[in-house]
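Subject: Structure handover

Hello,

Here is the structure you asked to look at. Please open it before you read on; my notes follow below.

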Amino acid sequence: MKKACLFLVSGILTVLVFAGCGRKTEEPSMTGTPAAQKVRPAGRVGPRGILYRGMETPIAEPERLSEAEAKKKEVARRMDRENLLASSKVVEDRSERLLQAPESIRVFLGKDLTVAAESPSIEFAVVPVKPQFFADPPPGNSVGPWSNWSQANFYPKSGKFYSAVGDHGAYDAHLYIVEYDPARKTVRCLPEINAVLGRSKDQFGEGKIHGWLDFYPKGSPNLWFCTYWAKYPEPEEEDYATGYDGGHIMSLNVENGDIIDYGVPLKRASWPYHRVDTERGIMYAVGMFGEFLAWDINEQKTLWAGYLPQGMHWYHRAIMIDEKTGLVYTTNQIAEDKDIHFLKYDPAKNRFFLLQCVMPPDPPAKPGAPPGKSGMRAQTAHRGPDGLFWGVSRSGELFSFDPVKEEVIDRGPNWPGKERYTCSMARSPKGRYIYYLPGAHGMSFAEGAAVVQYDTATGKKKVLAFLHPYYYEKYGYTMGGTFSIALDDSGERLFVLMNGAFIDLEEQMKLERPDVFGHPSVLLIHIPEAERAE
(Lines give C-alpha, C1' and ligand atoms only; values in the text may rest on other atoms or scores of the structure.)
Protein backbone atom coordinates (compact mmCIF):
# COMPACT_ATOMS: atom_id res chain seq x y z
CA MET A 1 0.00 0.00 0.00
CA LYS A 2 1.45 3.34 -1.00
CA LYS A 3 0.38 6.73 0.18
CA ALA A 4 1.82 9.77 -1.53
CA CYS A 5 2.71 12.29 1.12
CA LEU A 6 2.54 16.03 0.65
CA PHE A 7 2.40 18.18 3.75
CA LEU A 8 -0.09 20.43 5.35
CA VAL A 9 1.56 23.40 6.96
CA SER A 10 0.34 24.06 10.44
CA GLY A 11 -0.96 27.46 11.37
CA ILE A 12 1.69 29.84 12.56
CA LEU A 13 1.67 29.84 16.31
CA THR A 14 3.88 31.52 18.79
CA VAL A 15 6.88 29.41 19.71
CA LEU A 16 6.97 28.68 23.41
CA VAL A 17 10.51 28.69 24.69
CA PHE A 18 10.91 27.91 28.37
CA ALA A 19 14.43 29.15 28.88
CA GLY A 20 13.82 29.56 32.60
CA CYS A 21 12.50 26.06 33.26
CA GLY A 22 15.82 24.41 34.07
CA ARG A 23 17.13 23.05 37.34
CA LYS A 24 17.90 25.41 40.16
CA THR A 25 21.43 26.74 40.15
CA GLU A 26 22.33 25.45 43.57
CA GLU A 27 23.98 22.05 43.87
CA PRO A 28 21.87 19.02 44.82
CA SER A 29 21.46 18.00 48.44
CA MET A 30 24.22 15.79 49.81
CA THR A 31 22.19 14.39 52.71
CA GLY A 32 20.59 10.99 52.99
CA THR A 33 21.98 7.53 52.32
CA PRO A 34 25.68 6.63 52.69
CA ALA A 35 25.91 6.53 48.88
CA ALA A 36 24.39 9.99 48.63
CA GLN A 37 26.78 11.38 51.24
CA LYS A 38 29.73 10.50 48.99
CA VAL A 39 28.41 12.69 46.18
CA ARG A 40 30.71 15.64 45.62
CA PRO A 41 30.38 17.77 42.49
CA ALA A 42 33.81 18.24 40.93
CA GLY A 43 32.90 21.42 39.10
CA ARG A 44 30.76 22.82 36.32
CA VAL A 45 30.66 22.25 32.57
CA GLY A 46 29.29 25.29 30.82
CA PRO A 47 26.43 27.28 32.33
CA ARG A 48 24.30 24.30 33.43
CA GLY A 49 26.31 21.10 33.72
CA ILE A 50 27.38 19.81 37.14
CA LEU A 51 30.30 17.41 36.86
CA TYR A 52 30.64 14.34 39.09
CA ARG A 53 34.03 12.68 38.73
CA GLY A 54 35.10 9.15 39.69
CA MET A 55 31.75 8.28 41.22
CA GLU A 56 31.33 5.30 43.53
CA THR A 57 27.82 4.46 44.65
CA PRO A 58 27.84 1.33 46.81
CA ILE A 59 24.32 0.00 47.32
CA ALA A 60 23.65 -2.42 50.17
CA GLU A 61 21.17 -5.27 50.06
CA PRO A 62 18.27 -4.72 52.53
CA GLU A 63 18.56 -6.46 55.87
CA ARG A 64 14.98 -7.69 55.66
CA LEU A 65 12.95 -8.38 52.53
CA SER A 66 9.27 -7.85 52.09
CA GLU A 67 7.19 -11.02 52.23
CA ALA A 68 6.57 -10.97 48.49
CA GLU A 69 10.24 -10.38 47.69
CA ALA A 70 11.36 -13.12 50.06
CA LYS A 71 9.13 -15.54 48.16
CA LYS A 72 10.53 -14.36 44.81
CA LYS A 73 14.04 -14.87 46.12
CA GLU A 74 13.25 -18.40 47.28
CA VAL A 75 11.82 -19.30 43.86
CA ALA A 76 14.74 -17.66 42.04
CA ARG A 77 17.29 -19.64 44.05
CA ARG A 78 15.43 -22.84 43.27
CA MET A 79 15.16 -22.12 39.55
CA ASP A 80 18.68 -20.67 39.05
CA ARG A 81 20.45 -23.92 38.22
CA GLU A 82 23.89 -22.41 37.50
CA ASN A 83 23.94 -19.70 40.21
CA LEU A 84 23.90 -16.98 37.55
CA LEU A 85 21.94 -14.51 39.67
CA ALA A 86 24.59 -14.40 42.37
CA SER A 87 27.68 -14.72 40.18
CA SER A 88 26.81 -12.80 37.00
CA LYS A 89 29.15 -15.16 35.19
CA VAL A 90 28.86 -15.35 31.41
CA VAL A 91 27.86 -18.68 29.91
CA GLU A 92 28.10 -19.55 26.23
CA ASP A 93 25.83 -21.83 24.28
CA ARG A 94 25.43 -23.13 20.77
CA SER A 95 22.79 -25.77 20.21
CA GLU A 96 20.50 -27.10 17.51
CA ARG A 97 17.74 -26.88 20.12
CA LEU A 98 17.82 -23.10 19.63
CA LEU A 99 16.44 -23.71 16.13
CA GLN A 100 13.41 -25.70 17.26
CA ALA A 101 10.18 -23.74 16.89
CA PRO A 102 7.50 -24.06 19.59
CA GLU A 103 4.39 -25.92 18.57
CA SER A 104 2.28 -22.75 18.28
CA ILE A 105 4.65 -21.35 15.63
CA ARG A 106 5.30 -24.49 13.57
CA VAL A 107 2.15 -23.95 11.53
CA PHE A 108 3.73 -20.82 10.02
CA LEU A 109 7.03 -22.41 9.00
CA GLY A 110 7.71 -22.54 5.28
CA LYS A 111 5.02 -19.99 4.47
CA ASP A 112 5.39 -16.90 6.64
CA LEU A 113 8.57 -17.88 8.41
CA THR A 114 11.82 -19.78 7.96
CA VAL A 115 14.41 -20.90 10.51
CA ALA A 116 18.16 -20.47 10.16
CA ALA A 117 20.15 -23.51 9.05
CA GLU A 118 22.97 -22.85 11.51
CA SER A 119 22.65 -22.09 15.20
CA PRO A 120 24.27 -18.94 16.56
CA SER A 121 26.67 -18.92 19.47
CA ILE A 122 25.18 -16.91 22.36
CA GLU A 123 26.78 -15.34 25.42
CA PHE A 124 24.38 -14.92 28.36
CA ALA A 125 24.65 -13.31 31.79
CA VAL A 126 22.38 -11.78 34.42
CA VAL A 127 22.77 -8.06 35.14
CA PRO A 128 24.26 -7.63 38.68
CA VAL A 129 21.78 -5.06 40.00
CA LYS A 130 21.80 -3.89 43.63
CA PRO A 131 19.63 -4.55 45.50
CA GLN A 132 18.50 -7.74 43.80
CA PHE A 133 15.41 -7.97 46.01
CA PHE A 134 13.54 -5.33 47.97
CA ALA A 135 12.40 -4.46 51.46
CA ASP A 136 8.88 -3.21 52.16
CA PRO A 137 8.54 0.11 50.32
CA PRO A 138 7.47 3.32 52.07
CA PRO A 139 3.68 3.73 52.53
CA GLY A 140 1.90 4.50 49.28
CA ASN A 141 4.91 3.52 47.19
CA SER A 142 5.58 0.49 45.07
CA VAL A 143 8.96 -0.83 43.99
CA GLY A 144 10.11 -3.30 41.37
CA PRO A 145 10.39 -5.16 39.21
CA TRP A 146 13.83 -4.61 37.77
CA SER A 147 13.46 -4.04 34.05
CA ASN A 148 14.88 -2.45 30.92
CA TRP A 149 13.11 0.15 28.76
CA SER A 150 15.92 1.97 26.97
CA GLN A 151 17.53 1.53 23.56
CA ALA A 152 21.03 0.04 23.49
CA ASN A 153 24.17 1.32 21.81
CA PHE A 154 27.60 0.04 20.75
CA TYR A 155 30.87 1.90 21.38
CA PRO A 156 33.25 0.92 18.56
CA LYS A 157 36.42 2.20 20.22
CA SER A 158 36.19 -0.31 23.10
CA GLY A 159 33.85 -2.85 21.52
CA LYS A 160 31.47 -2.58 24.50
CA PHE A 161 27.67 -2.40 24.54
CA TYR A 162 25.51 -0.17 26.74
CA SER A 163 21.91 -0.17 27.91
CA ALA A 164 20.04 0.65 31.14
CA VAL A 165 17.96 -0.94 33.90
CA GLY A 166 15.79 0.53 36.66
CA ASP A 167 13.75 -0.78 39.57
CA HIS A 168 10.51 1.21 39.01
CA GLY A 169 11.15 2.85 42.34
CA ALA A 170 9.58 6.14 43.41
CA TYR A 171 11.43 6.48 46.73
CA ASP A 172 14.84 4.89 47.28
CA ALA A 173 14.84 4.30 43.52
CA HIS A 174 17.73 2.67 41.68
CA LEU A 175 18.76 3.28 38.08
CA TYR A 176 21.86 2.06 36.24
CA ILE A 177 23.64 2.26 32.91
CA VAL A 178 24.72 -1.32 32.12
CA GLU A 179 27.97 -2.17 30.33
CA TYR A 180 28.76 -5.46 28.59
CA ASP A 181 32.38 -6.11 27.62
CA PRO A 182 32.61 -8.96 25.06
CA ALA A 183 36.41 -9.03 25.18
CA ARG A 184 36.52 -9.72 28.91
CA LYS A 185 33.08 -11.31 29.03
CA THR A 186 31.92 -9.18 31.92
CA VAL A 187 28.71 -7.32 32.70
CA ARG A 188 28.58 -4.51 35.24
CA CYS A 189 26.37 -1.70 36.47
CA LEU A 190 27.89 1.78 36.37
CA PRO A 191 27.21 4.37 39.13
CA GLU A 192 23.63 4.47 40.41
CA ILE A 193 21.97 7.61 39.00
CA ASN A 194 19.84 8.60 42.02
CA ALA A 195 22.88 8.38 44.28
CA VAL A 196 24.85 10.54 41.84
CA LEU A 197 22.06 13.13 42.07
CA GLY A 198 22.32 13.04 45.86
CA ARG A 199 18.82 11.69 46.43
CA SER A 200 17.97 10.47 49.91
CA LYS A 201 15.51 7.66 50.64
CA ASP A 202 12.76 10.13 51.48
CA GLN A 203 13.08 11.98 48.17
CA PHE A 204 11.16 11.02 45.07
CA GLY A 205 13.57 9.64 42.46
CA GLU A 206 14.15 8.34 38.96
CA GLY A 207 12.97 4.78 38.27
CA LYS A 208 13.64 4.47 34.55
CA ILE A 209 15.59 5.47 31.47
CA HIS A 210 13.08 5.00 28.67
CA GLY A 211 14.68 6.35 25.50
CA TRP A 212 17.81 6.04 23.37
CA LEU A 213 21.36 6.06 24.69
CA ASP A 214 23.32 8.14 22.17
CA PHE A 215 27.01 8.98 21.86
CA TYR A 216 27.72 12.64 21.14
CA PRO A 217 29.85 14.10 19.64
CA LYS A 218 30.30 11.23 17.20
CA GLY A 219 33.25 9.10 18.17
CA SER A 220 33.34 10.51 21.69
CA PRO A 221 32.75 8.43 24.84
CA ASN A 222 29.93 10.71 26.05
CA LEU A 223 26.71 8.72 26.35
CA TRP A 224 23.61 10.95 26.61
CA PHE A 225 20.26 10.10 28.20
CA CYS A 226 17.26 11.50 30.07
CA THR A 227 15.61 10.22 33.23
CA TYR A 228 11.97 9.23 33.75
CA TRP A 229 9.70 8.84 36.75
CA ALA A 230 7.97 5.54 37.55
CA LYS A 231 4.67 6.79 38.95
CA TYR A 232 1.66 7.21 36.68
CA PRO A 233 0.34 9.32 35.25
CA GLU A 234 2.67 11.58 37.26
CA PRO A 235 3.97 12.18 40.79
CA GLU A 236 1.61 13.73 43.32
CA GLU A 237 2.05 17.03 45.11
CA GLU A 238 3.69 15.41 48.12
CA ASP A 239 6.21 13.82 45.76
CA TYR A 240 7.11 17.15 44.17
CA ALA A 241 7.34 18.62 47.67
CA THR A 242 10.37 16.40 48.37
CA GLY A 243 12.36 18.44 45.85
CA TYR A 244 11.63 16.45 42.71
CA ASP A 245 11.36 18.76 39.68
CA GLY A 246 11.19 16.30 36.78
CA GLY A 247 13.42 14.34 34.42
CA HIS A 248 17.07 15.29 34.00
CA ILE A 249 19.36 15.49 30.98
CA MET A 250 22.63 13.70 31.74
CA SER A 251 25.76 12.32 30.10
CA LEU A 252 28.21 9.61 31.10
CA ASN A 253 31.77 9.32 29.84
CA VAL A 254 32.11 5.56 29.38
CA GLU A 255 35.92 5.74 29.38
CA ASN A 256 36.64 7.67 32.58
CA GLY A 257 33.29 7.45 34.39
CA ASP A 258 32.62 11.21 34.54
CA ILE A 259 28.92 12.01 34.87
CA ILE A 260 27.44 15.41 34.06
CA ASP A 261 23.99 16.45 35.20
CA TYR A 262 22.48 19.22 33.07
CA GLY A 263 19.45 19.46 35.28
CA VAL A 264 15.72 19.61 34.57
CA PRO A 265 15.00 21.42 31.29
CA LEU A 266 11.23 21.63 31.86
CA LYS A 267 9.82 21.49 35.37
CA ARG A 268 7.33 18.72 36.13
CA ALA A 269 8.02 17.00 32.82
CA SER A 270 9.70 13.60 32.62
CA TRP A 271 10.95 11.79 29.56
CA PRO A 272 9.54 8.44 28.36
CA TYR A 273 11.31 8.87 25.02
CA HIS A 274 14.41 10.75 23.91
CA ARG A 275 17.07 10.78 21.19
CA VAL A 276 20.05 12.89 20.15
CA ASP A 277 20.62 14.29 16.66
CA THR A 278 24.32 13.40 16.62
CA GLU A 279 25.01 15.64 13.61
CA ARG A 280 23.66 18.83 15.20
CA GLY A 281 23.89 18.10 18.89
CA ILE A 282 20.20 18.45 19.70
CA MET A 283 18.61 16.37 22.44
CA TYR A 284 14.98 15.62 21.59
CA ALA A 285 12.60 14.33 24.23
CA VAL A 286 8.87 13.91 24.67
CA GLY A 287 7.04 13.92 27.99
CA MET A 288 4.26 11.79 29.41
CA PHE A 289 1.67 14.37 28.35
CA GLY A 290 3.15 15.17 24.95
CA GLU A 291 5.50 17.96 26.05
CA PHE A 292 8.09 18.29 23.28
CA LEU A 293 11.68 19.27 24.04
CA ALA A 294 14.46 20.34 21.69
CA TRP A 295 17.61 21.16 23.70
CA ASP A 296 20.88 22.38 22.21
CA ILE A 297 23.64 20.30 23.80
CA ASN A 298 26.52 22.56 22.78
CA GLU A 299 24.86 25.80 23.89
CA GLN A 300 23.05 24.11 26.80
CA LYS A 301 19.86 25.96 26.01
CA THR A 302 16.27 25.20 25.14
CA LEU A 303 15.14 25.57 21.53
CA TRP A 304 11.57 24.43 22.17
CA ALA A 305 9.79 23.21 25.27
CA GLY A 306 6.04 22.81 25.43
CA TYR A 307 3.03 21.46 23.58
CA LEU A 308 2.44 21.25 19.84
CA PRO A 309 -0.03 23.41 17.91
CA GLN A 310 -3.72 22.48 18.00
CA GLY A 311 -4.53 19.21 16.25
CA MET A 312 -1.07 17.74 16.85
CA HIS A 313 0.21 15.66 19.75
CA TRP A 314 3.69 14.14 19.72
CA TYR A 315 3.51 10.41 20.43
CA HIS A 316 5.57 9.64 23.54
CA ARG A 317 6.96 6.39 22.13
CA ALA A 318 8.60 7.52 18.89
CA ILE A 319 11.22 10.01 17.73
CA MET A 320 12.61 9.40 14.23
CA ILE A 321 15.53 11.67 13.30
CA ASP A 322 16.74 12.16 9.72
CA GLU A 323 20.25 13.34 10.45
CA LYS A 324 20.84 14.19 6.78
CA THR A 325 18.25 16.97 6.93
CA GLY A 326 17.76 17.51 10.66
CA LEU A 327 14.02 16.87 10.33
CA VAL A 328 12.34 14.90 13.11
CA TYR A 329 9.23 12.67 12.82
CA THR A 330 6.64 10.87 14.89
CA THR A 331 2.99 9.88 14.51
CA ASN A 332 0.04 11.93 15.71
CA GLN A 333 -1.57 10.88 18.98
CA ILE A 334 -4.99 12.49 19.15
CA ALA A 335 -8.30 10.62 19.05
CA GLU A 336 -9.64 12.76 16.20
CA ASP A 337 -6.83 11.64 13.88
CA LYS A 338 -8.19 8.18 13.05
CA ASP A 339 -5.74 7.69 10.17
CA ILE A 340 -2.75 8.53 12.39
CA HIS A 341 -0.80 10.99 10.27
CA PHE A 342 2.92 11.54 10.49
CA LEU A 343 4.14 14.72 12.18
CA LYS A 344 7.34 16.60 11.37
CA TYR A 345 9.42 19.08 13.34
CA ASP A 346 11.78 21.37 11.44
CA PRO A 347 14.39 22.77 13.86
CA ALA A 348 15.55 25.37 11.34
CA LYS A 349 12.07 26.87 11.25
CA ASN A 350 11.15 25.81 14.79
CA ARG A 351 7.76 24.71 13.45
CA PHE A 352 5.64 21.56 13.35
CA PHE A 353 3.89 20.16 10.28
CA LEU A 354 1.07 17.64 9.86
CA LEU A 355 1.94 15.39 6.91
CA GLN A 356 -0.50 13.65 4.58
CA CYS A 357 1.12 10.22 4.90
CA VAL A 358 -0.46 7.91 7.45
CA MET A 359 0.28 4.70 9.30
CA PRO A 360 -0.69 1.44 7.56
CA PRO A 361 -3.56 -0.68 8.91
CA ASP A 362 -2.57 -3.03 11.68
CA PRO A 363 -2.75 -6.78 11.25
CA PRO A 364 -6.16 -7.99 12.48
CA ALA A 365 -6.18 -9.22 16.06
CA LYS A 366 -8.16 -12.26 14.89
CA PRO A 367 -9.69 -13.44 11.59
CA GLY A 368 -12.61 -11.24 10.54
CA ALA A 369 -11.80 -8.48 13.01
CA PRO A 370 -12.09 -4.93 11.63
CA PRO A 371 -8.76 -3.27 10.78
CA GLY A 372 -7.39 -0.72 13.17
CA LYS A 373 -4.40 1.59 13.32
CA SER A 374 -1.75 2.40 15.86
CA GLY A 375 1.24 4.70 16.14
CA MET A 376 4.87 4.08 15.27
CA ARG A 377 6.51 2.12 18.10
CA ALA A 378 10.00 1.33 16.84
CA GLN A 379 12.20 2.50 14.00
CA THR A 380 15.67 2.04 12.56
CA ALA A 381 18.17 4.65 13.71
CA HIS A 382 19.15 6.00 10.30
CA ARG A 383 18.19 6.02 6.65
CA GLY A 384 19.55 2.93 4.94
CA PRO A 385 21.24 2.63 1.53
CA ASP A 386 17.72 2.49 0.07
CA GLY A 387 17.03 5.94 1.50
CA LEU A 388 14.39 4.51 3.80
CA PHE A 389 13.66 4.29 7.48
CA TRP A 390 11.97 1.07 8.55
CA GLY A 391 9.56 0.91 11.42
CA VAL A 392 6.84 -1.08 13.11
CA SER A 393 3.50 -0.02 14.54
CA ARG A 394 2.47 -0.60 18.13
CA SER A 395 0.39 -3.54 16.91
CA GLY A 396 3.11 -5.11 14.80
CA GLU A 397 2.76 -3.84 11.22
CA LEU A 398 6.03 -3.26 9.42
CA PHE A 399 6.40 -0.23 7.17
CA SER A 400 9.03 1.84 5.42
CA PHE A 401 9.15 5.63 5.38
CA ASP A 402 10.77 7.73 2.66
CA PRO A 403 11.53 11.16 4.17
CA VAL A 404 12.22 12.71 0.76
CA LYS A 405 8.93 11.66 -0.83
CA GLU A 406 7.20 11.67 2.55
CA GLU A 407 5.73 8.32 1.67
CA VAL A 408 4.79 5.30 3.80
CA ILE A 409 4.71 1.77 2.38
CA ASP A 410 2.99 -1.08 4.21
CA ARG A 411 5.33 -4.10 4.55
CA GLY A 412 2.97 -6.52 6.32
CA PRO A 413 2.94 -8.09 9.81
CA ASN A 414 6.30 -8.37 11.55
CA TRP A 415 5.41 -11.76 13.07
CA PRO A 416 2.82 -14.42 12.23
CA GLY A 417 1.93 -15.14 15.86
CA LYS A 418 0.05 -13.06 18.42
CA GLU A 419 3.08 -11.61 20.26
CA ARG A 420 3.93 -8.87 17.74
CA TYR A 421 4.72 -5.96 20.05
CA THR A 422 8.24 -4.80 19.13
CA CYS A 423 10.18 -1.90 20.65
CA SER A 424 13.67 -2.03 19.15
CA MET A 425 15.07 -2.55 15.66
CA ALA A 426 18.61 -2.71 14.27
CA ARG A 427 19.68 -2.61 10.63
CA SER A 428 22.72 -4.37 9.14
CA PRO A 429 25.61 -2.22 7.86
CA LYS A 430 24.77 -2.66 4.17
CA GLY A 431 21.07 -2.36 4.89
CA ARG A 432 19.70 -5.69 3.71
CA TYR A 433 18.61 -7.07 7.10
CA ILE A 434 16.58 -5.72 9.98
CA TYR A 435 16.74 -7.45 13.35
CA TYR A 436 14.08 -7.41 16.07
CA LEU A 437 12.57 -9.55 18.83
CA PRO A 438 8.74 -9.55 18.94
CA GLY A 439 6.85 -9.99 22.21
CA ALA A 440 8.64 -7.11 23.94
CA HIS A 441 6.45 -6.57 26.99
CA GLY A 442 7.00 -9.61 29.15
CA MET A 443 5.42 -12.33 27.01
CA SER A 444 8.19 -13.18 24.56
CA PHE A 445 8.46 -16.72 25.94
CA ALA A 446 4.88 -17.50 24.85
CA GLU A 447 6.01 -17.84 21.22
CA GLY A 448 9.58 -18.94 21.61
CA ALA A 449 11.33 -15.61 22.29
CA ALA A 450 12.31 -15.46 18.65
CA VAL A 451 15.28 -13.50 17.28
CA VAL A 452 14.05 -12.38 13.86
CA GLN A 453 16.02 -11.35 10.79
CA TYR A 454 13.87 -9.57 8.18
CA ASP A 455 15.20 -9.49 4.62
CA THR A 456 14.32 -6.13 3.02
CA ALA A 457 15.19 -7.51 -0.43
CA THR A 458 12.72 -10.42 -0.30
CA GLY A 459 10.31 -9.47 2.51
CA LYS A 460 10.97 -12.81 4.22
CA LYS A 461 11.35 -13.36 7.96
CA LYS A 462 13.90 -15.78 9.34
CA VAL A 463 14.31 -16.84 12.97
CA LEU A 464 17.96 -17.00 14.01
CA ALA A 465 17.14 -18.56 17.38
CA PHE A 466 14.24 -19.45 19.65
CA LEU A 467 15.54 -18.50 23.09
CA HIS A 468 12.66 -20.21 24.87
CA PRO A 469 12.37 -22.92 26.14
CA TYR A 470 16.14 -23.50 25.78
CA TYR A 471 17.21 -21.08 28.54
CA TYR A 472 14.34 -22.12 30.80
CA GLU A 473 15.18 -25.80 30.53
CA LYS A 474 18.95 -25.37 30.92
CA TYR A 475 19.23 -22.42 33.31
CA GLY A 476 15.73 -21.91 34.73
CA TYR A 477 15.49 -18.46 33.11
CA THR A 478 12.33 -17.27 31.34
CA MET A 479 12.68 -14.72 28.54
CA GLY A 480 10.23 -11.84 28.97
CA GLY A 481 11.14 -9.60 26.03
CA THR A 482 13.35 -6.69 25.09
CA PHE A 483 13.18 -2.96 24.44
CA SER A 484 16.91 -2.83 23.75
CA ILE A 485 19.01 -4.30 20.94
CA ALA A 486 22.12 -3.12 19.09
CA LEU A 487 24.34 -4.48 16.32
CA ASP A 488 28.09 -4.04 16.29
CA ASP A 489 29.52 -2.07 13.37
CA SER A 490 30.28 -5.18 11.33
CA GLY A 491 26.80 -6.64 11.70
CA GLU A 492 28.23 -9.85 13.15
CA ARG A 493 26.97 -9.63 16.74
CA LEU A 494 23.55 -8.67 18.04
CA PHE A 495 23.40 -7.40 21.63
CA VAL A 496 20.16 -7.77 23.59
CA LEU A 497 19.29 -6.53 27.05
CA MET A 498 16.49 -8.92 27.94
CA ASN A 499 13.73 -8.61 30.50
CA GLY A 500 13.13 -11.95 32.18
CA ALA A 501 13.37 -13.77 35.48
CA PHE A 502 14.07 -16.97 37.34
CA ILE A 503 10.46 -17.92 37.95
CA ASP A 504 8.34 -21.05 38.07
CA LEU A 505 6.66 -20.65 34.71
CA GLU A 506 3.79 -22.99 35.54
CA GLU A 507 2.90 -20.82 38.54
CA GLN A 508 3.47 -17.62 36.56
CA MET A 509 0.89 -18.64 33.96
CA LYS A 510 -1.80 -18.76 36.65
CA LEU A 511 -1.53 -14.99 37.12
CA GLU A 512 -3.97 -12.59 35.50
CA ARG A 513 -1.01 -10.87 33.81
CA PRO A 514 1.83 -13.40 33.47
CA ASP A 515 4.32 -10.88 32.02
CA VAL A 516 7.86 -11.78 33.11
CA PHE A 517 10.18 -9.12 34.58
CA GLY A 518 12.56 -8.98 37.51
CA HIS A 519 16.05 -10.20 36.53
CA PRO A 520 17.32 -8.42 33.40
CA SER A 521 20.01 -10.23 31.43
CA VAL A 522 22.35 -9.59 28.53
CA LEU A 523 22.77 -11.76 25.46
CA LEU A 524 25.36 -11.40 22.72
CA ILE A 525 24.26 -13.35 19.66
CA HIS A 526 27.03 -14.25 17.21
CA ILE A 527 25.22 -14.45 13.86
CA PRO A 528 26.73 -17.18 11.65
CA GLU A 529 28.37 -15.75 8.54
CA ALA A 530 26.20 -17.83 6.22
CA GLU A 531 23.06 -16.39 7.83
CA ARG A 532 24.00 -12.72 7.34
CA ALA A 533 25.61 -12.52 3.88
CA GLU A 534 24.62 -9.24 2.21
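Two residues are in contact when they have heavy atoms within 4.5 Å of each other. By that rule, and not counting residues up to four places away in sequence, Phe-108 touches Leu-113, Pro-416 and Gly-417.

The model is predicted, so local features need pLDDT of at least 70 and side-chain atom pairs count only at pLDDT 80 or more, while totals for chains, interfaces and linings use all residues. Residues are numbered from 1 along each chain as its sequence is written, and side-chain values use heavy atoms, with hydrogens and water left out.

Phe-108 sits in the loop between α4 (103–106) and β6 (114–115). Helices (H or I, at least four residues) and strands (E, at least two) are DSSP runs, numbered from the N terminus. Phe-108 is 399 residues from Glu-507 in sequence and 29 Å from Glu-507 in space, C-alpha to C-alpha.

The whole protein

The protein has eight helices and 34 strands. Its radius of gyration (taken over C-alpha atoms) is 22 Å, close to the 24 Å from the globule rule (2.2 Å times the number of residues to the power 0.38) for 534 residues, so the protein is as compact as a globular protein of that length. Of the 534 residues, 62% count as buried, that is, under 20% relative accessible area with a 1.4 Å probe, protein chains only. Among contacts between residues at least 6 apart in sequence, 61% join residues at least 24 apart.

The pockets

A pocket is an open set of points on a 1 Å grid over the protein atoms alone, where a 1.4 Å probe fits, with protein on both sides within 12 Å along at least five of seven lines; lining residues have an atom within 4 Å of a point. A volume is the space filled by probe spheres set on the points, which are joined across faces, edges and corners.

The largest pocket has a volume of about 930 Å³. Its lining has 34 residues, and those nearest the centre are Asn-153, Ala-381, His-382, Leu-487 and Asp-489. Strands that each supply at least two lining residues include β16 (273–277) and β32 (478–487).

The second largest pocket holds about 740 Å³. Of its 27 lining residues, Lys-72, Ile-503, Gln-508, Leu-511 and Phe-517 are the closest to its centre. Which helix gives the most to this lining? That is α2, with six residues; α2 spans 67–79.

Regards

How values were computed: Buried means under 20% relative accessible area, exposed over 50%, partly exposed in between (1.4 Å probe, protein chains only).
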